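Try each task yourself before you read its solution.

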Amino acid sequence: MTRLCPSSAVPDGEYRVVDAGRWSLVVARVGGRVHVVENICGHQSRRMDGGLLRSGSAGEPCIECPHHAMLFDLRDGHIVEDAGHLGMAPLRAIAVREDSGAIWVEFPE
């Protein structure tokens, strides 16, 4: 596991962008739970930061792409609303846990 930041750096209802090596990540806290996704939209490989945190139609925690209005579930990266961009790739969700006042991630191989 890699330590990203202190837990206090990500207040509830907000997100931060954290760069860790070759990774740029969106670290969001919604309803007290931390979610981490890669900061790259599957459409034109643009960054997600600047997007709004929203709830999906079923109440799921989501981030909206600031460039294409696609809505992604923060829990697993799947597309909740595709905004007409059919066949788009989901965001890559990163395994995360909170422990000892810090946010930790497990990067994929």
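**Exercise 1. Find Arg16 and decide: is its side chain buried, exposed or partly exposed, and which residue does Arg16 pair with?**

Step 1. Arg16 has 33% relative accessibility, so it counts as partly exposed. The cut-offs are under 20% relative accessible area for buried and over 50% for exposed, with partly exposed in between (1.4 Å probe, protein chains only).

Step 2. A quick note before going on: this is a predicted model, where local features need pLDDT of at least 70 and side-chain atom pairs count only at pLDDT 80 or more, while totals for chains, interfaces and linings use all residues. Residues are numbered from 1 along each chain as its sequence is written, and side-chain values use heavy atoms, with hydrogens and water left out.

Step 3. Now the partner: Arg16 makes a salt bridge with Glu14, and their closest N and O atoms are 2.9 Å apart. That term needs a side-chain nitrogen of Lys or Arg within 4 Å of a carboxyl oxygen of Asp or Glu.

Step 4. Glu14 is partly exposed too, at 34% relative accessibility.

**Exercise 2. What is the strand order in the open sheet of three strands, and which strands stand at its edges?**

Step 1. The order is S1-S10-S9, and the pairing is antiparallel. Two strands pair if DSSP finds at least two bridges between them.

Step 2. S1 (2-6) and S9 (95-99) are the edge strands; each has a single partner, so one side of each has no neighbour in the sheet.

Step 3. From one strand to the next, the twist averages 30 degrees. Angles like this run from 0 to 180 degrees between N-to-C directions, using lines fitted to C-alpha atoms.

Step 4. S9 and S10 (residues 102-106) share five bridges, and Glu98 has Ile103 of S10 as its bridge partner.

**Exercise 3. Where does Gly31 sit, and what is its phi?**

Step 1. S3 (residues 23-30) and S4 pair in the antiparallel sense over six bridges.

Step 2. The hairpin of S3 and S4 has two residues between the strands, and Gly31 takes a positive phi near 60 degrees in it.

Step 3. Val30 stands opposite Arg33 in S4. As for S4 (residues 33-38) itself, five of its six residues are buried.

**Exercise 4. Which residues touch the most other members of the largest nonpolar core?**

Step 1. A nonpolar core is a set of buried Ala, Val, Leu, Ile, Met, Phe, Trp, Tyr and Cys residues joined through side-chain atoms within 4.5 Å.

Step 2. The largest has 14 residues, and Leu4, Leu25, Val27, Val36 and Ile103 touch the most other members. At least two residues come from each of S1, S2 (14-20), S3, S4 and S10, and S3 gives the most, with three.

Step 3. Another core lies apart from this one; it has 13 residues, including Val26 and Cys65.

**Exercise 5. How many disulfides are there, and which cysteine sulfur is nearest to that of Cys65?**

Step 1. A disulfide needs two cysteine sulfur atoms within 2.5 Å, and the whole structure has zero.

Step 2. The nearest cysteine sulfur to Cys65 is that of Cys41, 3.7 Å away. Cys65 is buried, with a relative accessible area of 2%.

Key
Helix = DSSP H or I, 4+ residues; strand = E, 2+ residues; numbered from the N terminus.
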